[in-house]
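Look through the sequence and the structure, then read the points below.

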Number of protein chains: 2
Amino acid sequence: LIAARARFVSDRPVFIPPGPTAEVEEGQVFSPKFDADGLITCVVVDATTNELLMVAHMNAAALARTIETGNAWFYRRSRAALWRKGEVSGHVQHVIEIRVDCDQDALLLRVEQTGKGACHTGRRSCFYRSLNLAQPTNGPVALTFVDADRVFDPDKVYGKPTKQ
Amino acid sequence: LIAARARFVSDRPVFIPPGPTAEVEEGQVFSPKFDADGLITCVVVDATTNELLMVAHMNAAALARTIETGNAWFYRRSRAALWRKGEVSGHVQHVIEIRVDCDQDALLLRVEQTGKGACHTGRRSCFYRSLNLAQPTNGPVALTFVDADRVFDPDKVYGKPTKQ
């Protein structure tokens, strides 16, 4: 494990701390703004179609590894651990482009999703349910499944139901 | 102010608390998972092109108002206040569809962006800079402006440079 980790410069990632607003918004230096938990939000889309695949978080180490390796790494809050997308499923994400937003507190990852889907439930995208907006808001809001066909069998890919 | 606020059922929004994982992931009831600060991440895309416009956060009240009014409301962390997108610029977002992800801790808003742009800097999208991934990661990462033409003059729209 130590040997494997030593391969990554990203074990001690250093990003430029955010400066004045004008530099953050109009500058040409990447200075990601991590939140109080040391995380930054990542929006992952299919690089060809722009389809939203998933939303996840990175800490500095995950971001550095993603830049180094060209594969998407995230930080899984529920397990407090780095997570290489596809490490179990094999459905890795090849990063085509990373963009940052105006205040540098969110990232866009344009990826090539290998395997058939990004979602651990077996769907292409994690966003397979739509809110029924026609009903009154003083009761529960119903969900409708859309684009929800499974493109792989999660039990076969993951063995048991587990978060990926 | 009281009269205006009283128009909104959303002043006391009630969403179903998340239940067991199987219900959260495969159920037909919307049970958004707000974080420790009471917020949920919202990815806002152009409903026609899928272009990522911005990432913002909602608290329960902002989400309820969005559902009620059909216009996007957010919660601005830097001011600890509700924020109707476009309240200053007039560039409101008409919500075409809201989707929720597998674990119900992120929302996709498919919108019609009125006015020309979503970003307070005058661009169409907040994601107008791309990371230079070719360079080594042990130094600062440079940013390249892409799709960064201003579609409106922020000083004219907002008066003075201010967060929108």
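Arg99(A) is buried, with a relative accessible area of 12%. In this predicted model, the side chain of Arg99(A) meets that of Asp147(B) in a salt bridge, at 3.2 Å from N to O.

**Arg99(A) and Asp147(B)**
- This pair crosses between chains: Asp147(B) sits in the loop between strand S8 (143-145) and helix H4 (154-158) of chain B, and Arg99(A) in strand S5 (residues 93-100) of chain A.
- Glu97(A), Arg99(A), Arg110(A) and Asp147(B) are joined into one network by salt bridges that share partners.
- Asp147(B) has a relative accessible area of 60% and is therefore exposed, the cut-off being over 50%.

**Glu26(A) and Arg123(B)**
- A salt bridge links the side chains of Glu26(A) and Arg123(B), with 2.7 Å from N to O.
- Glu26(A) belongs to helix H2 (residues 21-26) of chain A, while Arg123(B) lies in the loop between strand S6 (106-113) and strand S7 (129-131) of chain B, and the pair crosses between chains.
- Glu26(A) is partly exposed at 29% relative accessible area, whereas Arg123(B) is buried at 3%.

**Arg77(A) and Asp105(B)**
- In the salt bridge of Arg77(A) with Asp105(B), the closest N and O atoms are 3.3 Å apart.
- The pair joins two chains, because Arg77(A) is in the loop between strand S3 (73-76) and strand S4 (81-84) of chain A and Asp105(B) is in the loop between strand S5 (93-100) and S6 of chain B.
- Arg77(A) is partly exposed, its relative accessible area being 44%.

**Total**
- Over all chains, the structure holds 16 salt bridges.

Definitions and conventions:
Residues numbered from 1 in each chain as written. Chains lettered and ligands numbered in written order. Predicted model: local features only at pLDDT ≥ 70, side-chain atom pairs only at ≥ 80, totals over all residues. Heavy atoms only, no water. Salt bridge = Lys/Arg side-chain N within 4 Å of Asp/Glu carboxyl O. Helix = DSSP H or I, 4+ residues; strand = E, 2+ residues; numbered from the N terminus. Buried < 20%, exposed > 50% of the residue type's maximum accessible area, 1.4 Å probe, protein only.
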